[in-house]
Structure formats: structure tokens, C-alpha cells
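Please study the sequence and the structure shown below.

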Amino acid sequence: MLSKILIANRGEIAVRIIRACRDLHIQSVAIYSRADRDSMHVKMADESYEISDDPLRGYLDADLIVEAAIKMGADAIHPGYGFLSENAAFARKVQEAKLIWIGPNADVITKMGDKNQARSIMQQNGIPIVPGTEPLNHLSMEKIAKIAQKIGYPVILKASAGGGGRGIRVVTQEQDLEENFNACKREAMAFFKNDDVFMEKYISNPRHIEFQILADNYGNVIHLMERDCSIQRRHQKLIEIAPSPLISEDLRRRMGATAVAAAKAVHYTNAGTVEFLLDDYNRFYFMEMNTRIQVEHGITEEITGLDLIGRQIRIASGEILDLTQNDIRTQGYAIEARINAEDVNNDFVPNPGKVTTYYPALGPFVRVDSCIYKDYVIPPFYDSMVAKLIVRASSYDLAVNKLDRALQEFTIRGVKTTIPFLRNICEDKDFRRGDFDTSFLETKMDSLISEDSKNTDDMVVAIAAAIASRCGE
């Protein structure tokens, strides 16, 4: 087993990894920028290392991170999610430094990180993919327009090296093609230093279904059922559900087997996620593979009883996967709501600042993964997510009830958050029926940002006061 792990990340996921390390009696090392010196992960880790006075450089400089790991005596690096977690060059540097990389090897990250190469590999191995193209940058706009006509509008333009909802444009008519193609290229270059753009048939209003994969270093691969991630805003997930409330057992079996086949096709190891688009006729198509732990991994943990971060560490340590597909049994439904420090009524603009009150939700089968606390000052330099609220219940309907109750109790003051908006989603009739796809927020946004969601301060104050009085504050 490993003895000391450096966590090449910050915030909630760093806290989560530190806890997994403690469970396994492994020492943890946190890295941090000066702006993050008061962060929870810095306080919780066994050792901490200020890697940079620049808010971002330290989390994005592979050489600095590897140097820190060696200096602190770590024998492994866990990248978490975001930042360099899917950067093949970073993984390669870690391995070249004779450190253990907790994730798939660099070659697999390279293959799956290039969406065109990933599509090609899947197609060669009989995995269904959405009709589309190779990179189009070398073609004239006239030729690109002809390809779009042949595929049929609407089409979607995607950055080959993209991820996280960046470098994506949906085009519904030819006169918008050139403008969106150029915009997609600019965004791809800005975020990924690679402006290759390809085109796919746009599957209108699909469901976004992903399967969690675990694979050891000896060819054993299983899936841990699916998550429905269709509640999205601008391709960013807000609520995730495991398992999907509308997938039949037969479809689940077929999609799961396909996800395992996709992982085996690239000799995948460690934890990963195979993502599919599911259309109205229950036809599913490979979309991409995330070569890291996902933000929403907690709901899979809740329904399976497995610690995915712990499993990542154990696989990286060389353990054989002691599970078969037949061992995977799920219990009930789990839902995750991502709570962001954002002003919903101002186009979801981030709202960093000082947290003056913080009372997370409690109760049976309620879990909060967070990195904030009372009097913590949320920095303006990073992602706006401040907590993940996860609930589990025996049925989907009860899980939605529990989520709504927990959101009502969850009290964060000093900054604006998405909690009232998430409560409005819980109260939506279609969401309660499990009847939704990726167009859910787009079509319902006006009703979800209602006057009710704008005037919840009195309720929040009352709840905070009641909790504070019970706690003697």
C-alpha cells in the first residue's frame, strides 16, 4: 500500500481524497496557492505545501507539482478532477519521476482526451457513435457547409481536446455555421491550446447517461451502474441521479456491457466514466470517456456501498479488483445537487465572498461534501461550486422529497447560492416524475427562476436562527 499521497488539487475533491487517505492510514500532502491558505484541505491534510503565490499557477504547473511531491516524500499523486487531472503530459511526468499516478496511464489519457481518436477507437470496436467527422480545420467553409448539409441540421461543433462543457456550439441553420465554427475554434484554443474542431449530428433533447467504470491493472473491468446527468445548464451538470429513474433493466444491462467493452478497448485502468447520449427511441451513442474521478462519484458510492477514491488508491497500489460484475448490487436511489456560490438572478454570475453563516443539512442518508465553513472567504479565482448535497432513499420519489427537505435546511449566508433554484427544480412536476432530458433547464428556466426563488431570505434567516438557537450560538 502507498504511504504518502500528494493531492494535486484543491477544494471539495481534495478534502474527499484526504478522508480516503485517512481511512487507509495513508499520509496526505496538500498543495495550495497563497489565495488558498485558509482552505479546508490545507487545514485537514497531514502536511501542506505552498506551491505558488499565484492563484492558478501552482495547480497547473506539472513541474512544480512533481517537484513538491518529491520534496515532501510522497510516493504517489492523486489529481482529483479539473486542473491537470486529464493532462497526459502531467501523468507522464509523474510516472517518469518514479511516482505512482492514481489514474489511467498517460497513453490512455491521450487517446481518450482527443475526441476524434476516441470516436475512431470506439467505432473500430463496435461501440455505437454519433454520426460525425474528423477535425475540419483544414477544410474551407464551403466544404464544411456541405458536410453539415449531408449530416443534417441541427449539428454540434466540438473541440477535439474539449471537456467540461467548453468548446461546444449547436448550429441549427447554415447561416450560423461559420460564426459558430470560428467561435468554437477560439474557445478551444483558449482553454485547450488546440483549436481542432469536429462536427457531429446533434441528437435533439437526449438524456445524458454515464457508467462508472473500475478496472485493475490485470484486465479486470466492471461497471458500477449508471448516473443520469441530464439536468444541465450550458453543458454543465447541476443535478445527478443514480440509477436513472427511466432506464429499464434490459437497457441498463446492454449499456453497461457496452461501457465495459469501451474501457477494455483502450486497456483502461483505475476509475473512469463512459458517457452516452440516449435518444427517444432508447438508442445510445458513445459520447466520451472521462479519465478521472467525476464530481458526481458520491451518488454511485451511496447506492453501491463502495468507496471509489479508496478503490482508486488500492488499484494504483497494485491490488487485484476483488469484485466481479455479479457482486455489484444497488440499493435505492441517490441524488446529488451541486451548490454553487452564484447569483441565479444575474445569469448565474459567480458570487465569491465571506461565508457568514454555514449550517449544512443533516439527517438519515444525507451527505454533504464541501470545502467551506463559517467565516471562510470564497476566493474569486476558482470554480464556484462550494458543496455537494447527496441524499439516498428507497425510491426516486422519496429521494426527491429528501433532497427538497435537505435543501430547505441547508443554510449558507454571506454569499448568494443556487439553493433556492435547486429547490424549485425539486418541486417541478416533470422532475418529480423523472421525465426530463438535457433540454430540461433550457425550456423551464423562466419558471425555475421565479419570484419565489428571489424571496427566500426570510425563510433562510428563520432556519438559521432556529438552528443557531439549538446550537447555543
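Leucine 214 has isoleucine 222 of strand 10 as its bridge partner. Strands (E, at least two residues) and helices (H or I, at least four residues) are DSSP runs, numbered from the N terminus. The model is predicted: local features need pLDDT of at least 70 and side-chain atom pairs count only at pLDDT 80 or more, while totals for chains, interfaces and linings use all residues. Residues are numbered from 1 along each chain as its sequence is written, and side-chain values use heavy atoms, with hydrogens and water left out.

**Strand 9 and its partners**

- Strand 9 (residues 207-215) and strand 10 (residues 221-233) pair in the antiparallel sense over six bridges; two strands pair if DSSP finds at least two bridges between them.
- Five residues lie between the strands in this hairpin, where glycine 219 takes a positive phi near 90°.
- Strand 9 also runs antiparallel to strand 12 (residues 270-278), and nine bridges join the two.
- Within strand 12, glycine 272 stands opposite isoleucine 213.
- Nine of the nine residues of strand 9 are buried, where buried means under 20% relative accessible area, exposed over 50%, and partly exposed in between (1.4 Å probe, protein chains only).
- In a regular strand, side chains alternate between the two faces of the sheet.
- Arg207, Ile209, Phe211, Ile213 and Ala215 point one way from strand 9, whereas His208, Glu210, Gln212 and Leu214 point the other way.

**Helix 7**

- The buried residues of helix 7 (residues 115-124) are Lys115, Asn116, Ala118, Arg119, Ile121 and Met122.
- These buried residues pack against helix 6 (106-113), strand 6 (155-159), strand 8 (197-201), helix 10 (249-265) and strand 13 (284-290).
- At the start of helix 7, a side-chain oxygen of aspartate 114 comes to within 2.9 Å of the backbone nitrogen of asparagine 116.

**Phenylalanine 83**

- Phenylalanine 83 is in the loop between strand 4 (76-78) and helix 5 (88-96).
- The relative accessible area of phenylalanine 83 is 31%, so this residue is partly exposed.

**Methionine 1**

- Methionine 1 lies in the segment before strand 1 (4-7) and is exposed because its relative accessible area is 54%.
- Not counting residues up to four places away in sequence, methionine 1 touches Ile26, Ile313, Arg314, Ser317 and Glu319, contact being heavy atoms within 4.5 Å.
- The C-alpha atoms of methionine 1 and lysine 374 are separated by 36 Å, and these residues are 373 residues apart along the chain.

Notes
A polar contact is a pair of N or O atoms within 3.5 Å; within protein, one must be able to donate a hydrogen and the other to accept it, and residues adjacent in sequence count only if both atoms are side-chain atoms.
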